[in-house]
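Please read them with the coordinates open.

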Amino acid sequence: MATVILDYWFTQFQNTPFYIFESVLFSSFWILFLPLLLVFSKLIKSKEETGSRLILTGIIIVIHLLVYPAFVWILSKTLYYHTFSYLQTFNFGLSAYFIKSVIIYSFFLLVFTASKNKPKEQSTVLEEKIEKPSFITSIVISERNNKKAILEVNNIYYFSANPPYINIHLYSKKHLHSETLKCLEKKLDNDQFVRIHKSHIINISKIFSFQSRKNGDYDVTLSDNSVLRLSRSYVKVFKAKLEKHNRVTAK
């Protein structure tokens, strides 16, 4: 519309006849931007390399310049008494719209590229802000004579309640630790440790077998031959974690 108005004012200034159909017809170059930009936006999303995007931009500009005279030729042949030749319109489009096409498509290339990269940047920032849960890998305990011992969590078979403390059970040793099971459970890797009773948390990797008591509870045997009770209220979670850890079906 703006182009048609400019054409009108130009003819008034030059004192020449104004033909609105011809003005609208030759301004159809701008109408072609709508479908071509839609295609351009879809194609640009599939390109990751800058070189490929630049080549695609060049191709879409060439297509626009080639389609435009064909569009004018078809419309003029169909609706107008005079048919404008393809070559004549192509030369006109090349001289009148080439630079404008380069500027416009380059601008949209920058817009599409920025919009495509923005979610990734936001995602990266979000991932940096969200800290991955960190689980303890060792526990420091106090021994006699003010000595401290470091116990690797992977070597622990299970934890048992001993209010106001807890017992840490290794293969052949038991250590007293000043912490509650509830507090400790939050620090342990819940893919490796599972609560089976209000008084016990066990290391899934140390499980040897488990057997039903026929009343909803189970007996869990660890690889150090310890036998612990699995309360029925913890059975569902226990089996789910056991299946995930060992990739087997627990029935």
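1. Start with the side chain of serine 85: one of its polar atoms lies 3.2 Å from the backbone nitrogen of glutamine 88. The model is a predicted one, and this contact should be read as part of it. Serine 85 sits in the loop that runs between α5 (50–79) and α6 (86–129). Its relative accessibility is 34%, so serine 85 counts as partly exposed. Back along the chain, isoleucine 74 is eleven residues away in sequence, and the C-alpha atoms of serine 85 and isoleucine 74 are 9.8 Å apart.

2. In the pair of phenylalanine 33 and tyrosine 105, the ring centres are 5.2 Å apart and the planes meet at 35°, so the pair is tilted. Phenylalanine 33 belongs to helix α4 (residues 33–44) and tyrosine 105 to helix α6, so this pair ties together parts 72 residues apart in sequence. Phenylalanine 33 and tyrosine 105 are both buried.

3. Which geometry does the pair of phenylalanine 40 and tyrosine 105 adopt: stacked, tilted or edge-to-face? Here the centres are 5.8 Å apart and the planes stand at 85°, so the pair is edge-to-face. This pair also links distant parts of the chain, with phenylalanine 40 in helix α4 and tyrosine 105 in helix α6, 65 residues apart. Phenylalanine 40 has 0% relative accessibility and therefore counts as buried; tyrosine 105, also at 0%, counts as buried too. Ring pairs join Phe33, Phe40 and Tyr105 with Phe29, Tyr68, Phe92 and Tyr97 into a cluster.

4. Buried in α4 are Phe33, Leu36, Leu37, Phe40, Ser41 and Ile44. They cover an arc of only 140° around the axis, which puts them on the same side of α4. Leu34 and Lys42 are exposed, on the face turned away from the buried side.

5. Val235, Phe238, Lys239 and Leu242 are buried in α8. Viewed down the axis, the buried residues of α8 fall within an arc of 95°, so they line one face of the helix. Lys236 and Lys244 are exposed on the other side of α8. Note that Lys239 is on the buried list, while Lys236 and Lys244 are exposed.

6. Strands β1 (residues 138–142) and β2 run antiparallel and are joined by five bridges. Serine 138 stands opposite glutamate 152 in β2. The hairpin of β1 and β2 has five residues between the strands, and asparagine 145 takes a positive phi near 60° in this hairpin.

7. In a regular strand, side chains alternate between the two faces of the sheet. For β2 (residues 148–152), the covered face holds Ala149 and Leu151, and the uncovered one holds Lys148, Ile150 and Glu152.

8. Asparagine 154 lies in the loop between β2 and β3 (158–162). With a relative accessibility of 48%, asparagine 154 counts as partly exposed. Its C-alpha is 8.1 Å from that of serine 138, at a separation of 16 residues in sequence.

9. Two remaining side-chain contacts are worth checking. Asparagine 167 lies in strand β4 (residues 165–169) and is buried, with a relative accessible area of 10%. A polar contact of 3.5 Å joins its side chain to that of asparagine 162. Elsewhere, lysine 206 lies over the face of tyrosine 157, 4.9 Å from the ring centre.

Technical notes
Residues numbered from 1 in each chain as written. Predicted model: local features only at pLDDT ≥ 70, side-chain atom pairs only at ≥ 80, totals over all residues. Heavy atoms only, no water. Helix = DSSP H or I, 4+ residues; strand = E, 2+ residues; numbered from the N terminus. Buried < 20%, exposed > 50% of the residue type's maximum accessible area, 1.4 Å probe, protein only. Polar contact = N/O pair within 3.5 Å; in protein donor to acceptor, adjacent residues only side chain to side chain. Phe/Tyr/Trp six-rings, centres within 6.5 Å; stacked < 30°, edge-to-face > 60°. Lys NZ or Arg CZ within 6 Å of the ring centre and 35° of its normal. Pairing = 2+ DSSP bridges. Arc of directions from axis to C-beta.
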